[in-house]
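Subject: Structure for you to look at

Hello,

Here is the structure I said I would pass on. My notes on it follow below.

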Amino acid sequence: MVPEELRVPRKNRFVFATASFRRLRDPFAVIDEVERRVGLRIDLISGEDEAELSFRGMLSTLDPCPSCGVMLDMGGGSTELNFFCRRRSVFAHSCPFGALSLKRSFDIGRSLDEERHALLRGYISSQLPKAASEFSGCARTAVLVGGTAKAYLRLAQALGSVPKDATCFRREEFAAFGRILRSPDDEQWALFKGLCPDRYELMASGGAAFEAIFDAYGCEKIEICPGGIREGYLAKICRNGSMRME
């Protein structure tokens, strides 16, 4: 049982959904059914709103935050890009691929061979917004937010690809780490499972996709942000005065 003082009033509970729901044939039928059964209304946010909320979460949790860069939030079914300068968004876009959808589309198992790697990179390049090239000059720093990014940092620290207290990669460090992700040996695979039990099968597809994006926009430094869309969504709720305290 949850102690009374830790229980959150129903009116202060907020639920949102992203790409997994957006791809349903009739997402609002599912949302209505969830509300009927549990009394909570799911807020289905668009890809553009997802990019904005992740960006707000980045600004509120990354200290110091770079003045310019590109924020990347890779989930299971979509990847949000948000180019920013002077800590203001200048171009945002939601790409129709994520670590899970790429794994399924390219039938990626424990390792990613060269042929499928090349096909995946070609697909990523075809899905990146052409308009973003105008802002690639401010993308030397890539800020990764979300659970996939934090899983990579845990693995990189455990493998010695970066120091234990590091929160960022140089591009060449991520490239070396990416080679491990694409072809782990038995010991490394066991480490993946132990440290990232809910994401270990997505390491190869997500890492290869991130690298393709880094190469497309000339990213030289990769920072891992401790926050993301949840913090951005909470900030939106508080700003709109939706959070009512008992």
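A residue is called buried when its relative accessible area is under 20%, exposed when over 50%, and partly exposed in between, using a 1.4 Å probe and protein chains only. The model is a predicted one, so local features need pLDDT of at least 70 and side-chain atom pairs count only at pLDDT 80 or more, while totals for chains, interfaces and linings use all residues. Residues are numbered from 1 along each chain as its sequence is written, and side-chain values use heavy atoms, with hydrogens and water left out.

Ser101
With a relative accessible area of 12%, Ser101 is buried. Ser101 belongs to helix H4 (residues 99-105); helices (H or I, at least four residues) and strands (E, at least two) are DSSP runs, numbered from the N terminus. Not counting residues up to four places away in sequence, Ser101 touches Arg23, Gly76 and Gly77, where contact means heavy atoms within 4.5 Å.

Nonpolar cores
A nonpolar core is a set of buried Ala, Val, Leu, Ile, Met, Phe, Trp, Tyr and Cys residues joined through side-chain atoms within 4.5 Å. The largest has 52 residues, of which Leu72, Phe83, Ile124, Leu144, Phe169, Phe214 and Tyr217 touch the most other members. Helix H9 (residues 203-217) supplies the largest share of this core, 9 residues. Tyr217, leaving aside its neighbours within four places in sequence, is in contact with Leu81, Phe83, Leu128, Pro129, Ala132, Ser136 and Ala139. Another core, of 9 residues, lies apart from the largest one and has Phe55, Met58, Cys65 and Phe84 among its members.

Helix packing
Two packed helices are described by the angle between their axes and the distance between the axes. Axes are lines fitted to C-alpha atoms, for helices over the stretch in contact, and angles run from 0 to 180 degrees between N-to-C directions.

Helix H7 (residues 171-182) packs on H9 at about 150°, with the axes 9 Å apart. This makes H7 roughly antiparallel to H9 (under 35 degrees counts as roughly parallel, over 145 as roughly antiparallel, 65 to 115 as roughly perpendicular and the rest as oblique). Arg171, Phe174, Ala175, Gly178, Leu181 and Arg182 of H7 meet Met203, Ala204, Gly207, Phe210, Glu211, Phe214 and Asp215 of H9. By class, this contact has 7 nonpolar, 2 polar and 4 charged residues (Ala, Val, Leu, Ile, Met, Phe, Trp, Tyr, Cys and Pro count as nonpolar, Asp, Glu, Lys and Arg as charged, and the others, Gly among them, as polar).

The axes of helix H6 (residues 147-159) and helix H8 (residues 186-195) come within 10 Å and cross at roughly 135°. H6 is therefore oblique to H8. Arg154, Leu155, Ala158 and Leu159 of H6 make the contact with Gln188, Leu191, Phe192 and Leu195 of H8. Its classes are 6 nonpolar, 1 polar and 1 charged.

Backbone points
Most residues other than glycine have a negative phi, and most peptide bonds are trans. The bond from Asp63 to Pro64 is cis, with omega near 0°, and Pro64 sits in the loop between helix H3 (47-61) and strand E3 (69-74). Arg86, in the loop between strand E4 (79-85) and strand E5 (88-95), has a positive phi near 55°. Arg86 is exposed at 67% relative accessibility. Asp107 has a positive phi of about 50° and lies in the loop between H4 and helix H5 (114-127). Asp107 is also exposed, with a relative accessible area of 54%.

Regards
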